[in-house]
Amino acid sequence: IVAAAAHVLFFLEESVWWMKPSIHQKTFGMSLEKAEIVRQFAFNQGFYNLFLAIVTGVGIVALALGHTGVGTALILAGIGSMAAAALVLMASARDKLRAAVVQGTLPVIGIILLLIGLRG
């Protein structure tokens, strides 16, 4: 749930609030000019994050309703993709290590907790 909520926040930052200086400048370290250039990319990226949050949320609801297989598959698809994206960021941009850790920690914790819960 927390990983999905974080990705809803990422959606808001990248797709709704992108042009606010507190987002493009302070959070992402971009000038107004550079933020404008990558605005469409950020908008698209934000929706990617929202869709991962939705898949994860639907999986959580399915699991809560007793649909273990479907719920587990959806949750793992959502948070597994979140964790994989963090690994890609880590491998492709060493200067973005902090962002990769922020992006990937909650999904990895979610995967571990889900697997522990399924064993019990």
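The model is predicted, so local features need pLDDT of at least 70 and side-chain atom pairs count only at pLDDT 80 or more, while totals for chains, interfaces and linings use all residues. Residues are numbered from 1 along each chain as its sequence is written, and side-chain values use heavy atoms, with hydrogens and water left out.

**Helix α6**

Helices (H or I, at least four residues) and strands (E, at least two) are DSSP runs, numbered from the N terminus. Helix α6 covers residues 97-119; at 1.5 Å a residue its 23 residues should span 33 Å, and its end C-alpha atoms are 32 Å apart, which agrees. The expected span is 1.5 Å times one less than the number of residues. At Gly 104 the helix bends by about 35°, the bend being the angle between axes fitted to the seven residues ending there and the seven starting there. A proline, Pro 107, follows within four residues.

Gly 104 and Pro 107 are both among the buried residues of α6, together with Ala 100, Gln 103, Ile 111 and Leu 114. Buried means under 20% relative accessible area, exposed over 50%, and partly exposed in between (1.4 Å probe, protein chains only). The buried residues of α6 pack against α1 (2-16), α4 (39-64) and α5 (68-92).

**Nonpolar cores**

A nonpolar core is a set of buried Ala, Val, Leu, Ile, Met, Phe, Trp, Tyr and Cys residues joined through side-chain atoms within 4.5 Å. The largest has 8 residues: Ala 3, Leu 52, Ile 75, Ile 79, Met 82, Ala 83, Ile 111 and Leu 114. Helices α5 and α6 each supply at least two residues of this core, and α5 gives the most, with 4 residues. Apart from this core lies another, of 5 residues, among them Trp 18, Ile 23, Met 30 and Ala 42. In soluble globular proteins, nonpolar side chains tend to be buried together.

Ile 79 touches Ala 3, Thr 56, Pro 107, Gly 110 and Ile 111, not counting residues up to four places away in sequence; contact means heavy atoms within 4.5 Å.

**Aromatic residues**

The whole structure holds 4 aromatic pairs. Rings of Phe, Tyr and Trp (its six-membered ring) pair if their centres lie within 6.5 Å; planes under 30 degrees apart count as stacked, over 60 as edge-to-face and the rest as tilted. The rings of Phe 47 and Phe 51 have centres 6.0 Å apart and planes at 50°, so this pair is tilted. Both residues lie in helix α4, 4 residues apart, about one turn of the helix. Phe 47 and Phe 51 also belong to one aromatic cluster with Phe 11 and Phe 43.

Phe 41 is in helix α4 as well.

**Salt bridges and accessibility**

A search of the whole structure finds 2 salt bridges, each a side-chain nitrogen of Lys or Arg within 4 Å of a carboxyl oxygen of Asp or Glu. Glu 36 pairs with Arg 39, the closest N and O atoms being 3.6 Å apart. Lys 96 and Asp 95 meet at 3.1 Å, N to O.

The table gives accessibility for residues named above.

| Residue | Relative accessible area | Class |
|---|---|---|
| Glu 36 | 41% | partly exposed |
| Arg 39 | 41% | partly exposed |
| Asp 95 | 63% | exposed |
| Lys 96 | 38% | partly exposed |
| Phe 41 | 58% | exposed |
| Phe 47 | 27% | partly exposed |
| Phe 51 | 49% | partly exposed |
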